[in-house]
Amino acid sequence: MISVQALAKQFVQGRGRQRRVVAAVQEVSFDAADGCITGLLGPNGAGKTTTLRMIAGLVRPDAGQITVAGIDVARQPQAVQARLGVLSDARGLYPRLTARENITYYGRLHGLSPARADARATLLAGMLDMAALMDRRTEGFSQGERMKTALARALVHDPSHIILDEPTNGLDVLATRSLRAALRRLRDEGGKCIVFSSHIMQEVERLCDQVVVVAGGRSVAEGTVPALLARTGQQDFEACFVQLAFGATTAGGAAAPAAAAGPAA
Amino acid sequence: MMRGAWQVFTKELLDALRDRRTLAMVLLSAVALGPLLLVALSLLVAEFEARAEARDLYAVGLDAAPTLRNFIERQAWTVHTAPPDHADALVKRRFEHPVLVVPPGFEADLAAGIAPALLLVSSSANQRAEGSAGSVSALLQAFSQEQASLRLVLRGVPPAALQAVVVQRRDLADPRARAAQFTKLLPFFVLMAVLYGALHAALDTTAGERERGSLEPLLMTPLPRSALVLGKWGAVAVMGMGVAVLACFGFLPGQWLLRSEVLSAMFQFGWREAVLFLALLLPVAALLAALLMAVAIRSRSFKEAQASSTVVVLAVSLMPMVTALQTGGEQPWQLWVPALAQVTLMQRVLEGEALGAIDLLLPLVVAALGTALCLASVVRQLRMAAWK
């Protein structure tokens, strides 16, 4: 279970006259249950990535509280990091190491024995359909191959909580499908608490048990897809999202320009 | 924590060793450095020796001065006719010998007791010609002395009457100290090799990691920042130290290649010298690794880190200039300055001087403190959630 309460974070950009304060996250609150895929849906610049980074203990929030499995991130960041598997937007791999070496290195950093790390890597290779890649150096991997390796790396210590930041960015249909299947398996077989951010409607609609709509640094709505549709009275999830994120006036035909402008872009 | 640091260390070392191209360049320069430098130096010294032994005089109009010619040939010098355009050639450094110009009336003037003027043409901007000018000048001086003595003897005056004072010279430099003039560059090159050995690994494990986007996932593991930094530093320092070991032991076989007998007699670089060099270089390799990392971690990209590390490279390469520029010998404060201390002490080793415990300990303590400070700064930089 990941619980986020009234999270806020602002960044200072530039110095002197160029100094500018950007409120990346103003008030985000949601609960992500175990055995459930929770989607953070929002336009670009809505504060999704910053929220996920704060959960991962990478950025300190200005206000609010985050607990992962009941542990406060601010007090015990390392205990939280041991329980979290994070696939952030930075998914750099070591090009001179093989996929297996990349994955087991993280297993070792999480305190696994060499044999256990290797066994986990093999298991994940089967699950993510990347057994053929394992002993190749990651230099020259395709986007999909990189994503799989980075995901296996994030999951090597068998975390109970998984965070994915826009995992399908740059993936083709097949890779997206296989990722979706993997996430479902993790939810159904492992009972994991999975949070993932996206700005793609179909993906959220197909995969998420629970959706949190984030816009302008605030969480504006939370619920299942049917519940959100019912709440807005829309048939189409895209229209439903636009109405929730940008207000009722733009929910009709003017969805595209409104989304492109984005309140926090 | 130490287990985590060990994991990072082994991974970074493996990563660095797989970077074959960079490794090959570093190894080639480090291993080839010692022998190559020695060969270059020995060629230089051999040429100096050959020139000192060669007794060649280039002259104009010497045929009209049989007495002088006879004297010169008696001293086992070979007389050559100077080329007509020697003045221009000397200025342009195409001709590397001083030229003696004998006036036409030399023999008659000498017989008449009128001191004839001899002209020795050289250029002080032409070092090689200037080097031989001294011995030619001494030769002519000896001729003058002989003539004067003969005249005095004819008049019944003992030649010793003209020599009120006898000047003798004693050279106190022992052969190794003399060789140190030639081998002065070696400590500097070894130090630079160590720096370049650590440079690429230092940038790759910090700025490179950030540029690749692999730093952030690393910071999201429960590994303490200090363990991460310690492991990375260990790998970078080992790269620098490896180059130090190769460079030092490279001099041992390098000695076989010495062309100059004088230099090979003077340049004694045995196991003792190699071990002392290493004792000086290993701490400074650790410090340079930490310093380069502290500089590079502040950069967002590998390229930016390369630009900022230039300052470190420049500082280290300018340090030895202090020893070259200063007069008044080695100052006590030099041992407090990293890089400068090592270069100074390595020169002492080459000169065959003994190193005291304090000479080895002081730079070691300074390097250890500097390393700790730099590593603390890297840890602090990683703790700041500055990357957004």
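In chain B, helix 8 and helix 12 cross in a right-handed sense. The model in which they do so is a predicted one. Two packed helices are described by the angle between their axes and the distance between the axes. Here helix 8, residues 185-212 of chain B, and helix 12, residues 271-296 of chain B, meet at an angle of about 35°, and their axes lie 8 Å apart. On the helix 8 side of chain B, the contact is made by B:Val190, B:Val194, B:Leu195, B:Ala198, B:Leu199, B:Ala202, B:Leu203, B:Thr206 and B:Ala207. Helix 12 of chain B answers with B:Phe277, B:Leu281, B:Val284, B:Ala285, B:Leu288, B:Ala289, B:Leu292, B:Met293 and B:Ala296. Sorted by class, this contact comprises 17 nonpolar residues and 1 polar residue, with no charged residues.

Helix 12 of chain B also takes part in the surroundings of helix 15 of chain B. The buried residues of helix 15 pack against helix 12, and also against helix 10 (225-254) and helix 14 (340-350), in chain B. Those buried residues are B:Pro363, B:Ala367, B:Thr371, B:Cys374, B:Leu375 and B:Val378. Helix 15 of chain B runs over residues 357-383, 27 residues in total. From first C-alpha to last, this helix reaches 39 Å, close to the 39 Å expected at 1.5 Å a residue.

These helices belong to a chain with 15 helices and 4 strands, chain B. Chain B has a radius of gyration of 30 Å, whereas the globule rule gives 21 Å for its 388 residues; the value is well over the rule, so chain B is more spread out than a compact globule. Its C-alpha trace spans about 105 × 45 × 35 Å along the principal axes. Of the 388 residues in chain B, 37% count as buried. Among contacts in chain B between residues at least 6 apart in sequence, 77% join residues at least 24 apart.

B:Arg151 sits in helix 6 of chain B, which covers residues 127-154. B:Arg151 counts as exposed because 12 other C-beta atoms lie within 10 Å, and the cut-off for exposed is 12 or fewer. B:Gly113 is 38 residues from B:Arg151 in sequence, and the two C-alpha atoms are 9.4 Å apart in space.

Chain A is the other partner to consider. Chain A contains 10 helices and 10 strands. A compact globule of 265 residues would have a radius of gyration near 18 Å, and the 19 Å of chain A agrees with that. The C-alpha trace of chain A spans about 55 × 45 × 35 Å along its principal axes. Of its 265 residues, 45% count as buried. In chain A, 68% of the contacts with a separation of 6 or more are between residues 24 or more positions apart.

The two chains touch. Their contact takes 23 residues from chain A and 18 residues from chain B. On the side of chain A that touches chain B, helix 2 (77-83) and helix 3 (99-109) of chain A each supply at least two residues. Helix 3 of chain A gives the most to this side, with 4 residues. By class, the residues on the side of chain A that touches chain B are 13 nonpolar, 5 polar and 5 charged.

Methods:
Residues numbered from 1 in each chain as written. Chains lettered and ligands numbered in written order. Predicted model: local features only at pLDDT ≥ 70, side-chain atom pairs only at ≥ 80, totals over all residues. Rg over C-alpha atoms; globule rule 2.2 N^0.38 Å. Buried ≥ 20, exposed ≤ 12 C-beta atoms within 10 Å, placed from the backbone. Contact = placed C-beta atoms within 7 Å. Axes fitted to C-alpha atoms, helices over the stretch in contact; angles between N-to-C directions. Left-handed = near helix turned anticlockwise from the far one by under 90°. Nonpolar A, V, L, I, M, F, W, Y, C, P; charged D, E, K, R; others polar. Expected span 1.5 Å × (residues − 1).
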